[in-house]
Amino acid sequence: MANLMNGREYISTVANIKMRIRSAQHRAALSVNSELIILYWNIGCAINENMLWGSSFVENLSRDIRSDFPGTTGYSVRNLNYMVKFARTYPDLEFVQTVSAKLPWSHNITLLDKVKDAVQREWYARKTIDSGWSIDVLVHQIESDLYKRRVTTPKVSNFEKRLPAPQSELALQQMNDLYVFSFIQNGEDILEHEIENELTRNITKFLLELGTGFAFIGRQYHLEVGGEDFYADLLFYNTNLSCYVVVELKKGTFKPEYVGKLNFYLSAIDDILKKEKDNPTIGILLCKSKNNIVAEYSLRDISKPMGISEYRLAGKMPEGYEDFLPTAEDIERGIILNMNDDGSEK
């Protein structure tokens, strides 16, 4: 038998075939989901046009559909009413085709129930598509008010002055004014290294809070400068920004001297790790609290790009955020609507 594959070629070929199968399955699932969402939208539009017949119309329709299509799920009275709400909320079919149809039905229902503002609802929808959020993650991001923390609240940084466009805009979009670490129990006597331990122990949840594109490189990352040893708290690489990101964590209130230390780390990493293809290293300083005016003055003449944000552990939130933070138990257990992805009631 001629030209038998060696072990490495076989493994590579099998891996490639499996990747193609998974890709085809994913495309098929997306196609089925898209058709289902558009069907539900069309049904919702049809019901809206005939609502003059009274509320009994939906009940009769549900009974007739299930009678003619036995074994078919997703046509309960409850779900038909969601289709009505879905069609009323999104009258533009193009939006449904390009955004809503890329999300499972359960995600669309969650957005309808939990986000009343149209702009915020679209933002969460697009973020879910870009980031691949599960239903649990989407609910957590809504209830922790990620939109407010990332979009509407002013941020303290020098990105616009120290980074070229479009990296400066991307860095600002990636940054939160407030980071919520609800998986760490609050305690007045908790130490910085204990918070670091919890962040790295729960690295998946930490990365979720940081945003898309972050890859964890290490904690207390060793840097040798001038024969001396230094250690950056947390080091990441962000694939969206194409740069290293240093996160420094401080237990108390922001102090101007923290900026100098972070600036030093950024300079060292730019010299030691940064490659020609990489953008300038970015720093994020996380403090329990900050005075925005003091923080802005501290960044004014700093040469390296960095931002200063607050963080909160599980416990009391600052004014304006109290109603949005779920407990650690909620995140672990998952906050799931009482509905299957196809819209049928559990």
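Phenylalanine 236 has 0% relative accessibility, so it counts as buried. Buried means under 20% relative accessible area, exposed over 50%, and partly exposed in between, with a 1.4 Å probe and protein chains only. Phenylalanine 214 is buried too, at 11% relative accessibility. The two rings have their centres 5.8 Å apart and their planes at 90°, so the pair is edge-to-face. Phenylalanine 214 lies in strand β3 (residues 214-225) and phenylalanine 236 in strand β4 (residues 228-238), so the pair ties together parts that are 22 residues apart in sequence. Both residues belong to one aromatic cluster, along with Phe181, Phe183, Phe206, Phe216 and Tyr311.

Rings of Phe, Tyr and Trp (its six-membered ring) pair if their centres lie within 6.5 Å; planes under 30 degrees apart count as stacked, over 60 as edge-to-face and the rest as tilted. Helices (H or I, at least four residues) and strands (E, at least two) are DSSP runs, numbered from the N terminus.

## Model and confidence

This is a predicted model: local features need pLDDT of at least 70, side-chain atom pairs count only at pLDDT 80 or more, and totals for chains, interfaces and linings use all residues. Residues are numbered from 1 along each chain as its sequence is written, and side-chain values use heavy atoms, with hydrogens and water left out.

The pLDDT is the predictor's confidence in each residue, from 0 to 100. Its mean for the protein is 85, and 81% of the residues reach 70 or more. Over residues 320-346 the pLDDT is below 50; beyond near neighbours in sequence, this stretch has 72 contacts in the model. Contact means heavy atoms within 4.5 Å.

## Two nonpolar cores

A nonpolar core is a set of buried Ala, Val, Leu, Ile, Met, Phe, Trp, Tyr and Cys residues joined through side-chain atoms within 4.5 Å. The largest has 36 residues; Phe86, Trp105, Leu111 and Tyr124 touch the most other members. Helices α1 (7-49), α2 (56-68), α3 (77-89), α4 (93-98), α5 (105-114), α6 (118-131), α7 (135-143) and α8 (146-152) each supply at least two of its residues. A second, separate core has 26 residues, including Leu163, Leu234, Leu249 and Leu286.

Tyrosine 124 is in contact with Leu111, Trp133, Leu138 and Tyr147, among others, leaving aside neighbours within four places in sequence.

## Trp123 and Tyr147

The aromatic pairs number 17. In one of them, the rings of tryptophan 123 and tyrosine 147 have their centres 5.4 Å apart and their planes at 75°, so the pair is edge-to-face. Tryptophan 123 lies in helix α6 and tyrosine 147 in helix α8, so parts 24 residues apart in sequence are tied together. Tryptophan 123 is buried at 17% relative accessibility. Tyrosine 147 is buried at 12%.

## Asn263 and Lys304

Asparagine 263 is found in helix α13 (residues 257-272). Lysine 304 is in the loop between α14 (292-299) and β7 (306-314). Their C-alpha atoms are 6.0 Å apart, although the residues are 41 residues apart along the chain. The backbone nitrogen of lysine 304 lies 3.3 Å from a polar atom of the asparagine 263 side chain.

Asparagine 263 is buried at 15% relative accessibility, and lysine 304 is buried at 19%. Not counting residues up to four places away in sequence, lysine 304 also touches Asn158, Arg162, Leu266, Ser267 and Asp270.

How values were computed. A polar contact is a pair of N or O atoms within 3.5 Å; within protein, one must be able to donate a hydrogen and the other to accept it, and residues adjacent in sequence count only if both atoms are side-chain atoms.
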